[in-house]
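Dear colleague,

Please find below the structure that I am handing over to you. My notes on it follow directly after.

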Amino acid sequence: MENPKRLIPSRGRAALLATACLIAPLHAGEPVETSSFASKEASKRAAALEEARELLGKGDESYKSGKYAEAVEAYSGAYDLIPNAPATAELRRATAQRYSQAAVQRGRELSRKGDVAGARALVDRVLAEGVAPNDPLALEFRAQLDDPIRTNPAATAEHAANVDEVRRLLYTAEGAFNLGKYDEAKATYEKVIRLDPYNAAARRGLERVANFKSDYQKAAYDNTRAEMLAAVDAAWELPLDPLPIDPGLAGPGAMGNMDPLITAKLDQIIIPRVAFEQTTLSEAVDFLRVKAGEITEGPLSGVNFSINLGDKAAQIESLRFDLQLSGVPISQVLKYITDMTRTSYVTDEYSVIIQPIGGTDTRLITRNYPVPPNFISSISSSAPSNAAATADPFAAAPANGGSLLSQRLGPKEALAAQGVPFPEGSGVTYLANTNQLRVTNTESAQEIIASLIQTTVQAEPVNVLVRMTMVTTDQKNTEELGFDWTATPFGVSENHMFLSGGSQGNGGSLADVPINPGSTPGAAPGVTSGNRSGEQAF
């Protein structure tokens, strides 16, 4: 692009200075003796020339910035304002040259955008008679517009606008694809197809999007298949037997506790740190519920809490308290919380229930208690009897025939005699073979029974059974056993055996051995009679 400063020839600048000199006397010195009409005309031309000068400056700035449409408008306005007089002829030619150059550049822009008709109209205004009909640059560009090889005659402004929009959309779709936004890229490529139905770049983009989505779907298929196969394999897994409850938690020493399983959890789950500041009961219980779930594991993890405050809910929830503890079980934290909120907690088989102090719970729960073998008889003997009858030694004999033995009570009667209430639906069963007491009653009654059992166990005397076995041994060494080797002679024939010799000693005769044929057994002297035999050998 040519330097705009070089567009004004030296002669044009000289003419501009001469015009300024002509205008100067109109504003300074003694007024010229001329007609009123001439004075007004001179002032009008001077003002027009000043405005033209300003438009020329604006046009030069716009041309430098590449704003050719604004430059064309400024140069066109300046050319129209410059008087067609000999004094301004050089300036007018310089302005027409600038106008022509700006119009050609603007025409090229319009042609690139498909507005060939607009470019022709703009150049035709420059080539009009009285402006620059012989400007070579404008003539050359006008010939290019008429050449079907250099300028596509089918180009339109709408097509050019669509080309720009398609270019922008393709860049947008590519950016979305690179960011992994495949749905957005697909929608943008489809917009391109609507504007340009045969755009291959958009179709290739849709193909890439489909390939990447297909790869994802394959991965999703493999993932889903693996998950389902894992679920099928897991269905064949046999569950482990539940862990047995620690007998010590349900033993006689723990009868003061409540439900064994829930109590075991409350005592075994240790909270590392408790920091309550202006905390309500509900917030504290939520904290314990979350901590119990984090610390424990397995299907029986966590502890269920239930808050049942009734009509005192608003009053209790308005209480706020502070509590700082470290390394304490949940049971102890519950004790502190209920003490500060004037509540109490009980348990059933599955949850911890928080209720106001003095609240009544009519739900029946069943629990098993291990008891000593003599528990029923022990609480029966300590039960209060008919004091009026026993206080009078001269009272009539009882109906059982005057027996002084205490009447044997059943488990329900014995507990009732100790003050345990038995509402409708409650009951008690004593299993003698396992020394188990199965009680169905309310929570408050269960606490009374647990206290009775604990008191009985503590008062039960401790017996120690020692079993002793004594073994006595006796050892006797003897040298009397032997053999008499002097039993000679010895002989055996067809019908008789001949044996003699030996010594009598302190033994008896061998009466069962016939010495000679026909002899009577025991009649002959003994053979080897010096040896012990029979009962005398040991």
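This is a predicted model: local features need pLDDT of at least 70, side-chain atom pairs count only at pLDDT 80 or more; totals for chains, interfaces and linings use all residues.

Which residues does S331 touch, not counting residues up to four places away in sequence? They are L266, D267 and Y345, where contact means heavy atoms within 4.5 Å. S331 is found in helix α14. S331 is buried, with a relative accessible area of 14%; buried means under 20% relative accessible area, exposed over 50%, and partly exposed in between, with a 1.4 Å probe and protein chains only.

Residues are numbered from 1 along each chain as its sequence is written, and side-chain values use heavy atoms, with hydrogens and water left out.

The chain as a whole

The protein chain has 18 helices and ten strands. Helices (H or I, at least four residues) and strands (E, at least two) are DSSP runs, numbered from the N terminus. Of the 538 residues in the protein chain, 31% are buried. Among contacts in the chain with a separation of 6 or more, 61% are between residues 24 or more positions apart. The accessible surface of the protein chain is about 35,100 Å², and carbon and sulfur atoms account for 55% of that surface. These areas come from the Shrake-Rupley method with a 1.4 Å probe; for residues, only the protein chains shown count as cover.

Axes here are lines fitted to C-alpha atoms, for helices over the stretch in contact, and angles run from 0 to 180 degrees between N-to-C directions.

Four bridges pair β2 with strand β5 (residues 351–356) in the parallel sense. Within this pairing, N304 has S351 in β5 as its bridge partner.

The antiparallel sheet

A further open sheet has three strands in the order β6-β8-β7, and its pairing is antiparallel. β6 and β7 stand at the edges with a single partner strand each, so one side of each is left without a neighbour in the sheet. From one strand to the next, the twist averages 15°.

Strand β6 (residues 365–370) is joined to β8 by six bridges. T366 has T440 in β8 as its bridge partner, and Y369 has L437. Strand β7 (residues 427–431) is joined to β8 by five bridges, and L431 stands opposite Q436 in β8. The hairpin of β7 and β8 has four residues between the strands, and N435 takes a positive phi near 55° there.

In a regular strand the side chains alternate between the two faces of the sheet. Strand β8 (residues 436–441) has a covered face made up of L437, V439 and N441, and an uncovered face made up of Q436, R438 and T440.

Aromatic rings and charges

How many aromatic pairs does the structure hold? There are six. Rings of Phe, Tyr and Trp (its six-membered ring) pair if their centres lie within 6.5 Å; planes under 30 degrees apart count as stacked, over 60 as edge-to-face and the rest as tilted. The ring centres of Y63 and Y68 are 5.4 Å apart and the planes stand at 70°, so this pair is edge-to-face. Y63 is buried, with a relative accessible area of 3%, and Y68 is buried too, with 13%.

F177, Y182 and F212 form one aromatic cluster. The charged end of R208 sits over the ring of F177, 4.2 Å from its centre. Likewise, the charged end of R92 sits over the ring of Y79, 4.1 Å from its centre. A charge sits over a ring if NZ of Lys or CZ of Arg is within 6 Å of the ring centre and within 35 degrees of the ring normal.

With kind regards

Terms used: Two strands pair if DSSP finds at least two bridges between them.
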